[in-house]
Amino acid sequence: MRPGSVEELAAAVRDAGARTVRVAGAGHSFGDLVATDGVLLQLDGLADVLAVDRAAGLVRVGAGIRLHSLNAVLDALGLALPNLGDIDRQSVAGAISTATHGTGARLGNLATQVEELELVLADGSVLRCAPGSDELCAARVSLGALGVVASVTLRVVPAFRLRAEDRARPLDETLGRLDEHVAGSDHFEFYVFPHSDRALTRTNTRTGAPAAPRGALRRLLDEELVPNGLIGAVCRLGRRFPAAIPRLNRQVAAAFTASVHTNVSHRVFTGRRRVRFTEMEWAVPRAACVPVLRAALRAAEQHVVNFPIEVRFTAADEESFLSPSWQRDTAYVAVHAFEGMPWEPYFRDVQAAALDHDGRPHWGKRHLLDAAALAPRYPAWDRFQAVRDRLDPNRRFTNPHVERVLGA
């Protein structure tokens with residue numbers, strides 16, 4: 001169903017009766033978070049910018065708006081989200097509900113940008129989750145298990161530009177100076193190809209300098225030919241000839257060239273990704289980044305893996321009960337498997353290493369844990385469940401995946 005207003009959304013939820021209700025965002029998650037044999041809602045009809053309060057730095061939007069559409073509107077208004085991930089295809093509600101994040105040691109995930117939101121509950125009523133309330137702390141990252149998000153009020157900042165520097169560094173040197181790299185920039189991240197000793201780093205720094213975007217040829221190379229054409233071709237070749245993967249990975253890492261450009265923030269943060277893969281990502285305490293990464297590299301080199309490992313950083317989240325970065329500065333270590341290649345043995349090994357270091361999984365990506373294993377890892381788990389019991393006592397907003405990870 002595709003409601004076109006909050007009133008139609010409320011009626012659709014109310015009229016579902018005893019059937020379960022799930023909401024499809026943009027289909028970016030890697031698991032079966034949305035699958036249902038009940039009522040499936042799609043919120044593209046609730047995708048408007050509803051209000052802008054420049055003085056307070058707040059923008060209220062319909063839950064179905066896609067991040068790339070919101071970025072364009074904010075840019076035209078001279079505003080921006082303070083941080084973004086590298087994909088902008090998600091709906092706002094889907095991105096916050098799974099604690100989607102970018103990188104930046106002093107910045108939280110996207111859910112921390114939520115000032116308040118509206119939930120449509122099972123009886124069709126609309127609940128305003130106000131700042132400071134347990135309802136808001138639960139609803140920011142809820143996996144859609146409390147109700148249907150109808151609108152979101154986001155904190156925004158004046159538009160800004162970023163100077164992006166991409167360069168390869170020796171892996172051991174990068175890890176040895178990791179605290180310096182992370183603390184010394186607004187946004188730092190890096191990739192490592194298994195079997196390679198190079199870290200492919202990106203450092204984004206806020207700047208008052210004028211925009212100096214890539215030229216057309218450089219943009220084609222850096223934004224399409226390498227991340228999509230070259231990586232896709234190398235992955236297909238490695239899938240066909242697994243014994244060649246170590247050499248192919250080293251050659252791709254060696255071919256990485258340095259570049260610098262300056263542009264408006266959302267054009268630097270995000271890019272298009274056309275290579276298909278599946279992914280697992282772990283949020284670990286910042287101090288555990290290096291041992292977990294090294295364990296992931298060892299696991300990748302013991303399995304058939306030709307996709308890079310990605311490492312990013314966020315500040316502690318004090319506002320979202322089920323945030324993987326709840327109350328701790330966090331490093332995110334993400335592992336991937338190219339489409340058509342085995343993933344579970346590799347992911348199981350990485351999961352074991354992450355759990356040894358108090359890891360928490362990204363809610364929108366693959367993991368193999370259930371609620372009994374997850375609950376001890378989230379200090380505010382019981383507070384979330386108390387809100388869930390109040391708002392959805394009959395478990396209308398569930399499916400087998402939600403029951404596995406949050407309990408029945």
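What you see is a predicted model. Start with the open sheet: five strands, arranged in the order 3-4-8-6-7, with antiparallel pairing. Strand 3, residues 49-53, and strand 7, residues 126-129, are the edge strands, and each of them pairs on one side only. Leaving direction aside, neighbouring strands in this sheet are turned by 15° against each other on average.

Now look at one pair inside that order. Strand 4, residues 58-62, and strand 8, residues 148-155, run antiparallel and are joined over five bridges. If you want a place to look, find Gly 62, which stands opposite Ser 151 in strand 8.

Which helix packs on the sheet? Helix 1 does, covering residues 6-15. Helix 1 touches strand 6, residues 114-120, as well as strand 7 and strand 8. The direction of helix 1 makes about 140° with that of strand 8.

On to the cysteines. How many disulfides does the count come to? The count is zero. Take Cys 137 as an example: the closest cysteine sulfur belongs to Cys 129, and the two sulfurs are 9.9 Å apart. A disulfide needs the sulfur atoms within 2.5 Å, so the sulfur of Cys 137 is too far from that of Cys 129 for a bond.

Is Cys 137 buried or exposed? Cys 137 has a relative accessible area of 13%, and buried means under 20%, so Cys 137 is buried. Cys 235 is also buried, with a relative accessible area of 1%.

That is the end of my part.

How values were computed. Residues numbered from 1 in each chain as written. Predicted model: local features only at pLDDT ≥ 70, side-chain atom pairs only at ≥ 80, totals over all residues. Heavy atoms only, no water. Buried < 20%, exposed > 50% of the residue type's maximum accessible area, 1.4 Å probe, protein only. Pairing = 2+ DSSP bridges. Helix = DSSP H or I, 4+ residues; strand = E, 2+ residues; numbered from the N terminus. Axes fitted to C-alpha atoms, helices over the stretch in contact; angles between N-to-C directions. Contact = heavy atoms within 4.5 Å.
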